[in-house]
Amino acid sequence: MNTGVLGKHTIGIVGAGSIAEAIIAGLLGSKRIAPGQILVINRSNRDRLEALEWRYGVRVAPSHAVLAERSTALLLAAKPQDMAKVTDDLAGHTTAAHRILSVAAGVSIPFLERAFPGSPVVRAMPNTPCAIGEAATAYALGTRAGPDDAALAREIFGTVGHVVEVPEEHLDAVTGLSGTGPAYVFLLVEILMEGGVRAGLPPEIARDLVVQTVRGAAHLLQASGADPAELRRRVTSPNGTTAAAMQVLADRQVREAWVEAVLRATARARELREEG
């Protein structure tokens, strides 16, 4: 069994929320790491830790000091507002040999590098489909991170979906696009369902058709490698039904609204980072 870089590490996870659980499930599902190579700690909610221990066989660390002592890589999956306390809890217990990976939105690499002197740092932004292994994750390397750290990030986040590397200055845009992206898709599904119902379809049929249409279109886009504009042109016959629909969307400036939504989400991500 090829365990790659991942199999050489013991992963200490700070946080026990949905992203932490998704990553635990992905890591174990990859068969490249054993339950005993994962330790978890959380500032509160002991019941949640016990549930993860029972469900996945991972170990619960009694303290941040023990977590650091028994781990070679630390995955920080706490809430952004708790990160200052997390770094305080870990202060003095980490060394330059620890790999630090963070999924806390808006917590910058410079902050993490100051908190963990000498340690390589990777900052990542997965989105909510990580819960089913279909995340889009972008990661950025800190100034001390090298090829092995990039490989570790790709292997960890690759267990819950697709992974790309970007410079840190692009992570606000990643937040505005793929981080917020599931909400855009859910809204699109809501709108199309409403259109189908108003056109006369039963709600359950409208939902079924819309979900499969979104899924099929995404798979076609991925499998074909074609430009989305080209695929749209292929299904838009002159004076046909799709052309009529596209004209309404153009008249209502829907394209501009969606682009503005991404830009506003990106700006808000930047604001939250600066506020932090």
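The following paragraphs lead from the whole chain to two of its local features.

This is a predicted model, in which local features need pLDDT of at least 70 and side-chain atom pairs count only at pLDDT 80 or more, while totals for chains, interfaces and linings use all residues. Residues are numbered from 1 along each chain as its sequence is written, and side-chain values use heavy atoms, with hydrogens and water left out.

The chain holds 12 helices and eight strands; helices (H or I, at least four residues) and strands (E, at least two) are DSSP runs, numbered from the N terminus. Its C-alpha trace spans about 70 × 40 × 35 Å along the principal axes. Of its 276 residues, 38% count as buried, where buried means under 20% relative accessible area, with a 1.4 Å probe and protein chains only.

Helix 7 (residues 171-179) and helix 8 (residues 181-198) have axes that come within 5 Å and cross at roughly 25 degrees; axes are lines fitted to C-alpha atoms over the stretch in contact, and angles run from 0 to 180 degrees between N-to-C directions. Helix 7 is therefore roughly parallel to helix 8, a term for angles under 35 degrees. Gly-176, Leu-177, Ser-178 and Gly-179 in helix 7 meet Gly-181, Pro-182 and Tyr-184 in helix 8, contact being heavy atoms within 4.5 Å.

Helix 6 (residues 147-158) contains Glu-155. Glu-155 counts as buried because its relative accessibility is 15%. The side chain of Glu-155 reaches the backbone nitrogen of Leu-6 at 2.8 Å.

Methods:
Angles under 35 degrees count as roughly parallel, over 145 as roughly antiparallel, 65 to 115 as roughly perpendicular and the rest as oblique. Buried means under 20% relative accessible area, exposed over 50%, partly exposed in between (1.4 Å probe, protein chains only). A polar contact is a pair of N or O atoms within 3.5 Å; within protein, one must be able to donate a hydrogen and the other to accept it, and residues adjacent in sequence count only if both atoms are side-chain atoms.
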